[in-house]
Amino acid sequence: ELSAVGESAGMVELSGLAVGRTAARMAPGPDDVALLLHTSGTTARPKLVPLTHGNLLAGASAVVATLALGRGDRCLNVMPLFHIHGLVGALLASLAAGAAVVCPPGFVAPRFFDWLAECGPSWYTAGPTLHRAILDRAPDHVDAIAAHPLRLIRSSSAPLPPSVLAELETTFDAPVLEAYGMTEAAYQIASNPLPPRARKPGSVGVAIGEAGPVLRIAGEGGDPLPAGLTGEVAIRGAAVIAGYEGDPAANVAAFGDGWFRTGDQGYLDGDGYLFLTGRLKELINRGGEKIAPREVEEALLAHPAVAEAVAFALPDERLGEEVAAAVVARPGRAVDEGELRRSVAARLAPFKVPRRVAFLAKLPTGATGKVQRVGLADALGLTVPAERAASGARFIAPRTEAEQLVAGVWAEVLGRERVGVDEDFLNLGGDSILAIHVVARLRQALQLDLTLAAFFEAPTVAAMAQVVEGLLLAELEPESPQAAEPTEV
């Protein structure tokens, strides 16, 4: 059943009450292909996914079971219907449950609260980027939120930062269920459950048993790993496709042992909750050290001025890859690259601190709302060395003995003719391996207890010289005199 709803042009509401009669007339076989979708292609060339009627029915049933959907529910779906999240996670799941779903003509953040008032949904589903845009406007719509309470909020398609999850639950006074899905599984693989069962921030939840795919964590040889160990997420079940269309090489690699190897890395805790640590193809290989972008992103998001963040690999001649990031600042908040690096350095090992940080008004995303990591370093112009000499910045020579010493050591290690006091070590081509050499030479020259962490907290010559001067003063200060013991006479 199809009807217009609300005052918004193009708003459509569909009801699942007549689905059974329609399906009976069509009488498709469960193994017949219902539609072809492309994967999102965030890490590689998109693949063609043939989804059968059986896949779609199993996928929709998993969502119905997880969310306990019924005829009294109405979904406000702001995800595109060419994406598996919107198609199965919102539209087909609602129709299978006999519920209703409202489909706006496209996500427009300023209109979200108008749709909330016009449609009175019991839940909505979106990706993290859209949730963030909704939260930014929520303070101006407190009355609409109170007048139209939600039963639940769904998040999927990308990792939801725990801070955003908490803010959503506080703002809407509704449980937020983060889920994990992909096109090859007809959407849902795992989901956090409804109360009273636990929702674990940072986790994408549990498998839904018979209603959805079975999952396990596989080691390099494909054997299952016990709880707590990190490996590749592997799945199988009625919702999982048999293979890609026209890609035999990919099918051997991904489906060869009867389990679909998702390419996602993660682990199960003792309660069976899945924690994703990143895409295997997205791991940053920095001189042999494997760094998960999500770990860096969470450290960036811990800074109060950062609203969104994405970490990615930056090509590096010496190490192969370095860590880079792009961030979007919160409205009215300002932060610079040095401050962000110092903030990350306080939470992560020095080699995980981004070498370059780009500040954007909006993260670059594809049509499905996912950040496009492929080619991001090139797109942002970060593959060109960010040297101050090239930027035309004014050179300021060292002014103190400490600045002269630090600048001299930097120039020697970095192979540069000269270094100014405002030069940034990482922007000059430095990295944590070269930083170790700098710290060792300064410690040897001054006999000071200078740490690598202190080095990354002071990324310019001037800042590093201040640290050195502070350590020297501490060495020269005499100990406080002890009070003399009274003498008996």
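The coordinates come from a predicted model, and the chain holds 16 helices and 19 strands. Of its 489 residues, 51% count as buried.

**The sheet of β17, β18 and β19**

- An open sheet is built from three strands in the order β17-β18-β19, with mixed pairing.
- Helix α9 (residues 293–301) lies across both β17 and β18, and its direction makes an angle of about 140° with β17.

**Helix α3 and the residue that follows**

- Helix α3 spans residues 84–96, and although it has 13 residues, its end C-alpha atoms are only 15 Å apart, short of the 18 Å that a straight helix would reach at 1.5 Å a residue.
- The helix is mostly covered, with eleven of its 13 residues buried; among them are I84, L87, V88, L91 and L95, together with the glycines G86 and G89.
- The buried set of α3 also includes H85 and S94.
- Just after α3, the backbone at G98 adopts a positive phi of about 75°.

**Nonpolar cores**

- The largest nonpolar core has 50 residues, and those with the most contacts inside it are L51, Y180, I235, Y244, F260 and L274.
- Helix α3 supplies the largest share of this core, namely seven residues.
- A second, separate core of 28 residues includes A407, W410, V421 and V461.
- In soluble globular proteins, nonpolar side chains tend to be buried together.
- Once neighbours within four places in sequence are left aside, Y244 is in contact with residues that include T39, K47, L48, V49 and P50, as well as E184, A254, F255 and F260.

**Strands β5 and β6**

- Strand β5 (residues 74–77) pairs with β6 in the parallel sense over three bridges, and the bridge partner of C75 in β6 is V101.
- Within β6 (residues 100–103), A100 and V102 point one way while V101 and C103 point the other way, and all of these residues are buried.
- In a regular strand the side chains alternate between the two faces of the sheet.

**Helix α4 and C119**

- Residue C119 is found in helix α4, which covers residues 112–119.
- Because its relative accessible area is 2%, under the 20% limit, C119 counts as buried.
- In sequence C119 and E13 are 106 residues apart, whereas in space their C-alpha atoms are 9.0 Å apart.

- Among contacts between residues at least 6 apart in sequence, 64% join residues at least 24 apart.
- The accessible surface of the chain comes to about 22600 Å², and carbon and sulfur atoms account for 54% of that area.

Key
Residues numbered from 1 in each chain as written. Predicted model: local features only at pLDDT ≥ 70, side-chain atom pairs only at ≥ 80, totals over all residues. Heavy atoms only, no water. Helix = DSSP H or I, 4+ residues; strand = E, 2+ residues; numbered from the N terminus. Expected span 1.5 Å × (residues − 1). Buried < 20%, exposed > 50% of the residue type's maximum accessible area, 1.4 Å probe, protein only. Core = buried A, V, L, I, M, F, W, Y, C linked by side-chain atoms within 4.5 Å. Contact = heavy atoms within 4.5 Å. Areas by Shrake-Rupley, 256 points an atom, 1.4 Å probe, with all protein chains shown as cover. Pairing = 2+ DSSP bridges. Axes fitted to C-alpha atoms, helices over the stretch in contact; angles between N-to-C directions.
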